[in-house]
Amino acid sequence: MSKKITLLGSTGSIGTQSLDVVRMQGYEVFGLSANTQVDMVLQQIAEFHPKYVCMANEAAADRLAAALAGQTGAPRVLRGAQGLRELAAMQGPDVVLNSVVGIAGLGASLAAIESGHDLALANKESLVTGGKLVTDAVAAHGVKLLPVDSEHSAIFQCLQDAHSAKSLTKILLTASGGPFFGMTTEQLRGKTRADALKHPNWNMGAKITIDSATLMNKGLELIEAVWLFDLPPEKIQIVVQRQSIIHSAVQFCDNSIIAQMGVPDMRIPIQYALTWPNRAPSPVPELDFTMLKQITFDVADEDTFRCLAACKKAIGKGGLGPCAANGANEEAVALFLQDKIGFLDIGRLVEGVVDSDSFGGSYTLNDVYECDRMAREYVRSHL
């Protein structure tokens with residue numbers, strides 16, 4: 001069935017892989033957004049002919065508008081955070097896929113939901129920073145929240161039986177362990193940006209690859225799973241599955257377990273979010289069991305990888321605790337990628353901000369943004 005898609009974050013790793021799926025399925029692109037990569041967006045416009053394009057960066061929006069000036073059928077150019085929310089809310093697409101990186105995606109997620117769109121969510125920070133706001137909006141507007149993260153898609157796929165969710169007792173959330181699995185604190189001390197960007201299994205953007213190396217990504221995914229599947233954090237067990245073949249599993253009240261398997265390729269969960277509740281042939285190769293020599297499991301070392309411990313503490317505190325952890329991490333990772341802090345400083349700063357307040361209680365969208373600002377300021381003042 002043909003669909004119209006609005007894709008937010010079209011030039012990142014998830015965005016470009018989403019367009020692989022769109023291309024294969026013959027979907028129509030209603031709108032695109034990006035941050036600064038004007039040349040890539042121009043190539044995407046030439047192929048997919050969206051009606052609207054938003055550039056979050058104002059200077060990039062000016063460059064794009066100039067490049068499109070005078071072209072027949074050129075898309076309307078939107079700009080900035082307001083333009084991103086406007087694009088997410090526009091009537092026309094069947095589904096909005098949000099793959100914007102960071103808290104910048106929260107406003108767009110809420111705009112899409114409040115406009116009655118089903119939301120395919122690759123922006124985990126929407127749920128991490130504003131989980132109560134997002135899930136309340138989904139319930140109020142009767143839309144579907146479709147997970148795109150490979151782990152949450154795996155869980156979602158395992159729960160498609162109408163009765164499964166009622167008997168769900170535990171989630172087994174898998175982690176690759178990242179490039180530094182098994183290392184001690186001392187071994188991690190001198191790790192550089194180049195070291196941390198060498199993920200063993202997945203092809204991802206820089207920020208999420210660093211988050212995988214610190215295990216922050218798994219902490220964020222635990223928080224996301226709490227909101228997506230309505231389970232307390234103590235019912236979500238993180239399991240290291242080094243080969244990234246089992247993408248997650250669910251356990252039921254009779255202690256039976258169902259897992260989802262496949263090659264480590266994000267186009268599988270992206271496509272399922274777009275074709276749900278149906279399946280379709282994909283551009284991904286099949287899993288070759290004749291080449292699969294072993295599947296191993298281990299525990300995640302949160303004593304060494306402090307970001308994971310901090311996320312567990314943050315969701316335990318509730319309220320804006322996860323938002324504070326996320327904001328501190330975004331700021332710390334940016335500094336690490338600029339070679340301004342060390343690898344271990346990321347965990348120290350994230351844990352520090354989580355310990356700095358109680359964070360419980362209800363909150364508004366403005367509270368989320370203020371907490372994020374505070375967390376970033378904490379990082380800059382504790383270098």
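Tutor: Let's settle the term before anything else: a salt bridge here is a side-chain nitrogen of Lys or Arg within 4 Å of a carboxyl oxygen of Asp or Glu. Keep in mind that this is a predicted model. By that rule the count comes to 26 salt bridges. Some of them join up: Glu330, Glu331, Asp372, Arg376, Glu377 and Arg380 are linked in a network.

Now for some individual pairs. In helix 1 (residues 13-25), Asp20 and Arg23 sit 3 residues apart, about one turn of the helix, and their side chains meet in a salt bridge at 2.9 Å, N to O. Asp20 is partly exposed at 24% relative accessibility, and Arg23 is partly exposed too, at 42%.

Lys132 is partly exposed at 40%, as is Asp136 at 38%. The helix around them isn't straight, by the way: helix 6 bends by about 105 degrees at Gly131.

Arg79 and Glu58 make another sort of pair, with their closest N and O atoms 3.4 Å apart. Arg79 is in strand 4 (residues 76-79) and Glu58 in helix 3 (residues 58-68), so this bridge ties together parts that are 21 residues apart in sequence. Both count as partly exposed, Arg79 at 32% and Glu58 at 43%.

Note on methods:
Residues are numbered from 1 along each chain as its sequence is written. This is a predicted model: local features need pLDDT of at least 70, side-chain atom pairs count only at pLDDT 80 or more; totals for chains, interfaces and linings use all residues. Side-chain values use heavy atoms; hydrogens and water are left out. The bend at a residue is the angle between axes fitted to the seven residues ending there and the seven starting there. Helices (H or I, at least four residues) and strands (E, at least two) are DSSP runs, numbered from the N terminus. Buried means under 20% relative accessible area, exposed over 50%, partly exposed in between (1.4 Å probe, protein chains only).
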